[in-house]
Amino acid sequence: MVTTDIPERLKRFEIPGRVTVLEGNGELPKIEATTDWSTAEIYLNGAHVTDFQKKGEPPMLFTSQFSRFAHGEPIRGGIPIIFPWFGAREGSPAHGFARLAEWELHEATTIPEGGVSLRFGLPLSAHGATWPPIATYYVVTISDRLTLELIVTNTSPDQPFTFENCLHTYFAVSDISNVSVSGLKGVHYLDKADNFAPKTDNADVIRIASEVDRIYCDTEATIELLDSKLRRKMRIEKSGSASTVVWNPWSAKAQQMPDFGNDEYQQMLCIESGNVVKNKVTLAPGKTSVLKIAISSEPSEQGR
Ligand code: BG6
């Protein structure tokens, strides 16, 4: 049952000057975090980070002007949590149920030197009755960087649990023509835009000039996203992630997406960290997996 007093129930987590709970778009509860270096906002719907911005810098995350903000609907932009499956699944929502569920806020704390950490839990009701027993948490730590940890424990006494996960990060860019991506040279990928054809790209950097939908496998490499106009380099460091997905829908696909502007593909690039397809995870009973990424930025003097 959806109630409008949810923000009031969450007020006990507020920390003056650091953590505020308020009503966001679509009357959904939203948390705003302020640190000495940055601001962030997170919706309970999907435990979805929609904004992260360092002081004096443009936002690092893109969220569509046309996104839906409604219970049970995914938000277009920010960082959707893809879990427990990636992509389409017949009879079930694309990219799993985690991004559609209202997560619970379990804890909000300050960390040394002025940062904030928020801990969310995925309620069991999100799984449906037939789903295996798992405990799923998400820790969002905001400081001069944004650190995200998706923690999954198989609580079954005797059954293994197999899943995919992905932190589907939409990065904000000045214009897609100004962007290059490094860290994936020579890594094998499946080209979703070409019927999952296996390919390898040996270029030093990836530039985006058409639809891109690539699943890079067996790589834990740090990725760098250079924006030559903003003279900013964004970095994604990761652990517990063997896959990287690079996605931009480009013009024709953008026009088919009701929650995305026709030209917004020019302002974003998804670089997604997780474990998908052949890198899916199997957890033995009682075991825990942690997918962790840290997103940071630094000025770059490098041109194109
Ligand atoms: C990417 C997929 O991860 O997500 C793409 O590789 C997909 O194929 C994209 O189009 C967006 O998915 P959705 O369900 O949010 O529209």
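Of the 304 residues in the protein, 57% are buried (under 20% relative accessible area with a 1.4 Å probe, protein chains only). This is a predicted model, in which local features need pLDDT of at least 70 and side-chain atom pairs count only at pLDDT 80 or more, while totals for chains, interfaces and linings use all residues. Residues are numbered from 1 along each chain as its sequence is written, and side-chain values use heavy atoms, with hydrogens and water left out.

The protein contains two helices and 22 strands, taken as DSSP runs (H or I of at least four residues for helices, E of at least two for strands) and numbered from the N terminus. The C-alpha atoms fill a box of roughly 50 × 45 × 40 Å along the principal axes.

A search of the whole structure finds 13 aromatic pairs, meaning rings of Phe, Tyr and Trp (its six-membered ring) with centres within 6.5 Å, where planes under 30 degrees apart count as stacked, over 60 as edge-to-face and the rest as tilted. Two of them are set out below.

| Pair | Centre to centre | Angle between planes | Class |
|---|---|---|---|
| Phe 83 and Phe 163 | 5.3 Å | 70° | edge-to-face |
| Trp 85 and Phe 97 | 5.8 Å | 85° | edge-to-face |

Phe 83 lies in the loop between β5 (81–82) and β6 (104–111) and Phe 163 in strand β10 (residues 161–163), so their pair ties together parts that are 80 residues apart in sequence. Trp 85 and Phe 97, twelve residues apart, are each placed in the loop between β5 and β6. Phe 83 and Phe 163 are buried, as are Trp 85 and Phe 97.

Technical notes
Buried < 20%, exposed > 50% of the residue type's maximum accessible area, 1.4 Å probe, protein only.
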